[in-house]
Amino acid sequence: MSRRRALIVGASRGLGLGLVERFLARGWDVTATVRRPSAALAALAGAGPLRIETGIDIDDDAAVARLRAGLAEAPDFDLVFVVAGVATQAGTPAGLLPREVAGAVFQTNALSPIRFAESFHRRLAPDGLIVLMTSKLGSVSLNRGGGWSSYRASKAALNTLARSFAGQHSGAAWGLVLMHPGWVRTDLGGRRATLDVETSARGMVAVLEARQGQRGCVFLDYTGATVLW
Ligand SMILES: NC(=O)c1ccc[n+]([C@@H]2O[C@H](COP(=O)([O-])OP(=O)(O)OC[C@H]3O[C@@H](n4cnc5c(N)ncnc54)[C@H](OP(=O)(O)O)[C@@H]3O)[C@@H](O)[C@H]2O)c1
């Protein structure tokens, strides 16, 4: 059987890097994108078949088009996972944030992943998966504390855009997963987070391997549990 193929978008560090490591360990063929060269990612080259594409900022449509063109001859992907995200000035209430900061968070966390999916869904193998990294903080019904308001709203917007994207492509042969990785110790998650990257990545990959071939749009966490919208 040929190796399964994953495209991991935003793999320089944190969860993207951990996912590349885990997919390689599971025998997948991985293409990983970064904005700038990442020594940590390059160091994974010995762990399995890894192709690295640099200069890919998901907010830059020309860069995404360049990536698509560069991969035109490559076989289709079984899984396309947009991991990249930001939490710029997340502690400042949205109403007090400079407009350009709030707008940039929405671009990167909500609009750019959907534009990436729009650009790449035809590159999915039959029964493939599009996976978008969201957060439990993007759940409207679970929002009681209200903190990290601009980040929460950007992920809630991503969830809504993803459901619309799935509806728009309701006859497609792929499935769509909105993934909550848990609260993970990364630059974004901070040192107090409850999970290490390896545990989260191990869980997410197991969930996604089990999900392969299933259609529809679901909101799952790294244990496979459904998260409320
Ligand atoms: N850590 C958590 O507890 C947690 C919880 C829920 C959801 N998440 C989500 O998980 C994802 C990864 O987060 P993380 O914790 O691994 O954060 P991280 O360590 O800060 O890593 C963020 C990654 O996103 C990339 N990135 C940011 N903006 C980008 C852009 N415009 N184009 C391309 N790449 C971009 C970064 O690349 P550079 O190195 O070039 O900056 C980096 O690889 C995010 O979507 C985040 O919202 C994290």
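Reader: Is arginine 26 buried, partly exposed or exposed?

Author: This is a predicted model, so read each value as computed from it. Buried means under 20% relative accessible area, and exposed means over 50%. Arginine 26 has a relative accessible area of 39%, so the residue counts as partly exposed.

Reader: Which residue does arginine 26 form a salt bridge with?

Author: Start with the general idea. Side chains of opposite charge can pair when their charged atoms come close. Here the partner of arginine 26 is glutamate 209. Their closest N and O atoms are 2.9 Å apart.

Reader: Where do arginine 26 and glutamate 209 lie?

Author: Arginine 26 lies in the loop between α1 and β2, and glutamate 209 in helix α6. The pair therefore ties together parts that are 183 residues apart in sequence.

Reader: Is glutamate 209 buried or exposed?

Author: Glutamate 209 is at 16% relative accessibility, so this residue counts as buried.

Reader: Which residues are linked with glutamate 209 in a network of salt bridges?

Author: Arg4 and Arg26 are linked with Glu209 in that network. Arginine 4 meets glutamate 209 at 3.4 Å, N to O. Arginine 4 sits in the segment before β1, 205 residues apart from glutamate 209 in helix α6. Arginine 4 has a relative accessible area of 27%, so it is partly exposed.

Reader: How many salt bridges does the count come to?

Author: The count comes to 9. Take one of them: the side chains of arginine 35 and aspartate 57 meet at 3.8 Å, N to O. Arginine 35 lies in the loop between β2 and α2, and aspartate 57 in the loop between β3 and α3, so this pair ties together parts that are 22 residues apart in sequence. Arginine 35 is partly exposed at 45% relative accessibility. Aspartate 57 is partly exposed too, at 25%.

Reader: Now the nonpolar side. How many residues does the largest nonpolar core have?

Author: The largest nonpolar core has 34 residues. Ile8, Val20, Leu79 and Phe81 have the most contacts inside it. Elements that give two or more residues to this core include β1, α1, β4 and α6.

Reader: Which residues does leucine 79 touch, leaving out those up to four places away in sequence?

Author: Among them are Ile8, Phe23, Trp28, Val131 and Leu208. Leucine 79 also touches Arg5 and Gln212.

Reader: Which residues does the second, separate core include?

Author: That core of 29 residues includes Leu7, Ile56, Leu132 and Phe219. Leu7 is also touched by leucine 79.

Note on methods
Residues are numbered from 1 along each chain as its sequence is written. This is a predicted model: local features need pLDDT of at least 70, side-chain atom pairs count only at pLDDT 80 or more; totals for chains, interfaces and linings use all residues. Side-chain values use heavy atoms; hydrogens and water are left out. A nonpolar core is a set of buried Ala, Val, Leu, Ile, Met, Phe, Trp, Tyr and Cys residues joined through side-chain atoms within 4.5 Å. Buried means under 20% relative accessible area, exposed over 50%, partly exposed in between (1.4 Å probe, protein chains only). Helices (H or I, at least four residues) and strands (E, at least two) are DSSP runs, numbered from the N terminus. Contact means heavy atoms within 4.5 Å. A salt bridge is a side-chain nitrogen of Lys or Arg within 4 Å of a carboxyl oxygen of Asp or Glu.
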